[in-house]
Amino acid sequence: MFLPARPASAPRSPDLQSFLRLLEERGELVRVSIPVDRELEITEIADRLVKQGGPAVLFEHVKGSPFPLVIGLLGTRERTARALGVADLDDLARKVRHLIDLKGGGGLSGLLGNVGKLRDALHLPPRRVRSGPAQEIIWTGDEVDLSKLPVLKCWPLDGGPFITLPLVMTRDPETGERNMGMYRMQVMGRNVTGMHWQRHKTGTRHLEKARRLGQKLPVAVALGGDPALIYAATAPLPPIPGLDEYALAGYLRGERYPVMRGVTVDLDVPANAEFILEGYVDPQEEWAVEGPFGDHTGFYTLPDRYPRFHVTAITMRRNPVYPATIVGRPPMEDAYLIEASERLFLPAAQMILPEIVDYHMPPAGVAHNLVVVSIKKSYPGQAYKAAQGLLGLGQMMFAKVVVVVDEDVQVNDFAAVWREVTARAVPGRDTLITRGPVDVLDHSSRGWGYGGKLIIDATTKLPEEIGSAVSSREELGREGMVEPLFVPRVAVDLPNYEGVLAQRQTPDGYWSVALHKTRAGQSQALAQAFAAHPAASGVRHLLIADEQTDVHNTQDVWWTVLNNIDPERDVRQLGGLLVWDGSRKLSEEGFVRTWPPKIEMTPEVRRRVDARWHLYGLPELQP
């Protein structure tokens, strides 16, 4: 039975339901009234919509649950900006630049000029309230049943249903410092989930401290709340005292975030969330097998062991809406969260590396696989300085490929960036292989969380960088040494080779190959044969992808190749050609881990959604 509800007397701040009303007023939210299945069907609908910039969807009747589900809240760049209270995501950079540009000179008038900015900073700490909507209904004991929530099974090979938009809150057992992160949670029973705390995550650090102290770690998980807080839980915040996810959301929103004490845990929880899951993780307990999970890389993350989260209470609003997202083959909703973080942290990166003009993590690189950075270049080697400086900044340490271009190149113009690479980067001379930490979800790296990295200098070269005896300083004031640009050519006849299913050369100097690999060394032999063929004279990059890749789709080729390479092992120079071996790696080649499958929806679910699309009331999509 339900415990008596706490009165919701706290002032209402922006929350999920007010955002839904805003989206509906603007025609960006569609209600689906017919029953839908939480297993795969909702995923297939949401995947189609996000890839075509469609609306958010409120599923009013999810089979097996009394609660409605909303998905696609941040499914476009414009919706993400609206969720964060700005007209455009670029406004985030301007807000932060305004805050950190504090001036100390100019006497009294100079100091007074900072008052407005400091007033903005005062919005950072959260505001404690006695009660809030998130505790209007409280379940404890036998009432706790996670199966009542419309938790999605997203992809066919997933190990079970996963909570995909959780705001997971813990506190450092020693310092009391708060942390909030978004870690997927596989539902394993009525009151148990997995807790996907990877080795680099703050939650893992808190759990290890609790283990040393002989304590259980209290945990609270919010579902919903202000969309600005949902974003903040994904943001790679720097370790600055007093700066946490509540503080970031408060700054973005311009008001202190309302929090209240949990019912069964001594943690601050968002007062305006839809649901709160309260409980603990016992560091002494054996970890559970979690996964597989169709992940944001577009591949399945294979099963592994992670801590168990035990739910002691579920609190909620009187009429809550369950928020969800899906991840998978790009572009997906997470691309806009990544772009928001790019804009938000650009000013901070520029403070440390002032030559940076802009940077971008394209969807095909699924965040860490590819970073493009433009710089204002003034001395030789500066591209490598900027790239390696970026690799030392927070979660940017996970970047796999960093491409550096001139300041006038639009970093979010994918085609223009790769044209610059062929035009200005000579394989070998302008490429640098290094190694370091990589995302633990990277299935192709030489070791778990550790692998190679590639830096490409696609900037205009100074004399020292192309072997001139004249320095760039001596070149000032007179006509300098200009390196002729590489002019790509598409070959008329392309060679055949064992396992090649399709191939294509592009006018900008790339040769893409879909390879059905059946034996060790097959891709290396192909590369040798193709590099020696006359058809290689007009290209600079040979991109070897797997048999599922559409060589006529540039995004699909790069997504596959970037996922499937460890640059130290798989990117090499053969004459004037840079070979990217994005084929599947085999145990016979010394690869010691299991190679995961790409995420694919089942044909049966696709057919079912096709047949029911007219019943959903959703907009027609392009084929």
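Rings of Phe, Tyr and Trp (its six-membered ring) count as a pair if their centres lie within 6.5 Å; planes under 30 degrees apart make the pair stacked, over 60 edge-to-face, and the rest tilted. With that rule, a search of the whole structure turns up 16 aromatic pairs.

Before we look at some of them, a word on the model. It is predicted, so to speak of a local feature takes pLDDT of at least 70 and side-chain atom pairs count only at pLDDT 80 or more, while totals for chains, interfaces and linings use all residues. Residues are numbered from 1 along each chain as its sequence is written, and side-chain values use heavy atoms, with hydrogens and water left out.

**Aromatic pairs**

Here are two of the pairs, side by side.

| Pair | Geometry | Centre to centre | Angle between planes |
|---|---|---|---|
| Phe 299 and Trp 559 | tilted | 5.5 Å | 40° |
| Trp 418 and Tyr 510 | edge-to-face | 6.1 Å | 85° |

Phe 299 sits in the loop between S16 and strand S17 (300-301), and Trp 559 in helix H15 (residues 554-564), so this pair ties together parts that are 260 residues apart in sequence. (Helices, H or I with at least four residues, and strands, E with at least two, are DSSP runs numbered from the N terminus.) Phe 299 is buried, with a relative accessible area of 1%, and Trp 559 counts as buried at 2%. Buried here means under 20% relative accessible area, exposed means over 50%, and partly exposed is in between, using a 1.4 Å probe and protein chains only.

The other pair also links distant parts of the chain: Trp 418 belongs to helix H12 (residues 414-424) and Tyr 510 to strand S27 (residues 510-515), 92 residues apart. Both Trp 418 and Tyr 510 are buried. They also belong to a cluster in which ring pairs link Phe 414, Trp 418, Tyr 510, Trp 558 and Trp 580.

**The chain as a whole**

Zooming out, the chain has 17 helices and 30 strands. Its radius of gyration is 26 Å, close to the 25 Å that the globule rule gives for 623 residues, so the chain is as compact as a globular protein of that length. That radius is taken over C-alpha atoms, and the rule is 2.2 Å times the number of residues to the power 0.38. Along the principal axes, the C-alpha atoms fill a box of roughly 80 × 70 × 50 Å. Of the 623 residues, 57% are buried.

Take contacts next, meaning heavy atoms within 4.5 Å. Among those with a separation of 6 or more, 71% come from residues 24 or more positions apart. Leaving aside neighbours within four places in sequence, Thr 43 touches Lys 153, Cys 154, Trp 155, Ile 326 and Met 601.

Most residues other than glycine have a negative phi, and most peptide bonds are trans. A cis bond, with omega about 0°, joins Gly 291 and Pro 292; Pro 292 is in the loop between strand S15 (288-290) and strand S16 (293-294). Another cis bond, also with omega about 0°, joins Pro 330 and Pro 331, and Pro 331 lies in the loop between strand S20 (322-324) and helix H10 (334-352).

Val 366 is not a glycine, yet its phi is positive, about 35°. Its place is in the loop between strand S21 (356-360) and strand S22 (370-375). Ala 367 lies in the loop between S21 and S22, with a positive phi near 80°. Val 366 counts as buried at 8% relative accessibility, and Ala 367 is buried at 8%.
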